[in-house]
Amino acid sequence: MNADIQLNLLSNDGIELFKSLQTAAAQTVAERFYHVHGAHYERFGTKGHEACYEDLMFHLEFLRPALEFGLIQPMIDYLCWLNSVLSSRDIPSEHLSLSLDWLGEFFAAHMTPDDARIVVDALTAAKAGFEKTADRTLQPRASKAPWPEVSEFVKALLAGGFAAAQGILDRCLAEGKHLIDIEIHVIQPALYEIGEKWQKNEVSVAQEHLATAMTQSLMAVALQKMHPLPSVNKRVLLACVEGNNHAVGLQMVADAFLLSGWEVQYLGANVPTKSLIEQAATWHPDLIGLSVSFPQQLRIVKSVIAQLNEHFGARRPAVMVGGLAFNRFQELAELTGADSCCLDAKTAVEFADKISKP
């Protein structure tokens with residue numbers, strides 16, 4: 001984290017006003033881009049206008065943690081990542097910086113002077129950090145070293161070769177390698193590499209989605225070939241918080257707990273907070289694992305834990321958090337009220353016995 005930048009925080013009323021203005025801000029700046037730089041974007045057609053608006057909305061989603069928690073580095077990293085995506089599509093970095101200036105002008109005109117100053121200062125800090133480090137390549141790192149099978153597995157996934165990909169995993173299993181190690185050392189880095197290829201415009205969205213869907217199926221097939229340890233008489237409830245649709249990593253965590261003798265309920269992607277709380281109240285797990293992909297989902301996981309505290313009191317199950325957001329910024333976990341943060345499926349199980357309550 002960048003500890004040199006000290007940001008003032010918006011009040012609750014300021015946050016609510018900021019949220020209410022996000023759509024209008026993105027629409028206004030998108031229209032301005034097409035008015036000023038339309039010739040540069042006309043090759044993208046109507047989809048380009050939609051993509052511009054969506055990118056601006058993501059700007060504001062990443063800005064919100066800076067306004068609520070003082071966390072600017074996640075937005076700087078996001079801008080560096082987006083810059084690499086846009087550069088591969090011949091969009092100049094100057095346009096990304098310009099979008100931050102124009103957003104600042106919008107909020108300066110639509111918020112009180114004090115609140116506007118806070119928003120503009122955060123945008124200015126993000127712009128300065130981005131321009132200083134714009135050439136960085138940011139990719140979530142696998143927690144352990146990739147195995148040689150990764151390249152072959154990537155090729156199989158991108159070619160849509162289910163049998164070939166399954167053959168690679170079967171070969172690893174036949175060599176005595178544990179499924180969780182295979183997931184950490186082969187599957188996870190392979191998906192990161194495919195994500196990086198999409199970022200560089202080297203693979204299509206369809207290929208990236210196909211790779212993810214195939215991986216989930218391959219993991220399910222491989223799991224059936226494994227033999228779980230005896231029951232440890234403990235329960236774990238696993239869910240991606242509301243808004244998080246990246247569930248493959250959490251599925252790896254579910255596999256790890258299941259094979260370690262835990263009873264597992266895996267709720268998957270984008271679980272509404274109300275449903276998650278109700279399931280926890282009904283099933284009474286010893287541990288709850290929450291997955292968070294982006295820093296803007298911090299407020300959601302924080303709300304989930306607050307509601308668990310309210311419902312269970314001193315009897316609240318231990319809560320572990322993980323996911324892409326925490327892979328880069330483990331310090332974020334402290335802001336959520338979680339009991340622990342783990343970077344991969346294996347360490348999640350190792351820590352679980354220490355933090356789960358008897």
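Which side chain makes a polar contact with the side chain of S293? Keep that in mind as you look around this predicted model, where local features need pLDDT of at least 70, side-chain atom pairs count only at pLDDT 80 or more, and totals for chains, interfaces and linings use all residues. Residues are numbered from 1 along each chain as its sequence is written, and side-chain values use heavy atoms, with hydrogens and water left out.

**Stop one: S293**

Select S293, in the loop between β3 (287-291) and α12 (298-312). Helices (H or I, at least four residues) and strands (E, at least two) are DSSP runs, numbered from the N terminus. Now show H246: its side chain is the partner we asked about, at 3.5 Å. A polar contact is a pair of N or O atoms within 3.5 Å; within protein, one must be able to donate a hydrogen and the other to accept it, and residues adjacent in sequence count only if both atoms are side-chain atoms.

S293 has 5% relative accessibility, so it counts as buried (under 20% relative accessible area; exposed is over 50%, partly exposed in between; 1.4 Å probe, protein chains only). Leaving aside neighbours within four places in sequence, S293 is in contact (heavy atoms within 4.5 Å) with N244, H246, L324 and A325.

**Stop two: the sheet**

Next, colour the strands. You will find an open sheet of five, in the order β2-β1-β3-β4-β5, with parallel pairing; two strands pair if DSSP finds at least two bridges between them. At the edges are β2 (263-266) and β5 (340-341), each pairing on one side only. Zoom in on β3 and β4 (residues 318-322), which run parallel and are joined by five bridges. Pick I288 and you can find its bridge partner in β4, V319.

**Stop three: the aromatic rings**

Select F33 and W102. Their ring centres are 4.8 Å apart and their planes at 55°, so this pair is tilted. Rings of Phe, Tyr and Trp (its six-membered ring) pair if their centres lie within 6.5 Å; planes under 30 degrees apart count as stacked, over 60 as edge-to-face and the rest as tilted. F33 is in helix α1 (residues 12-41) and W102 in helix α4 (residues 93-110), so the pair ties together parts 69 residues apart in sequence. Both F33 and W102 are buried.

Finish with F106 and F107: with centres 5.5 Å apart and planes at 85°, they are edge-to-face.
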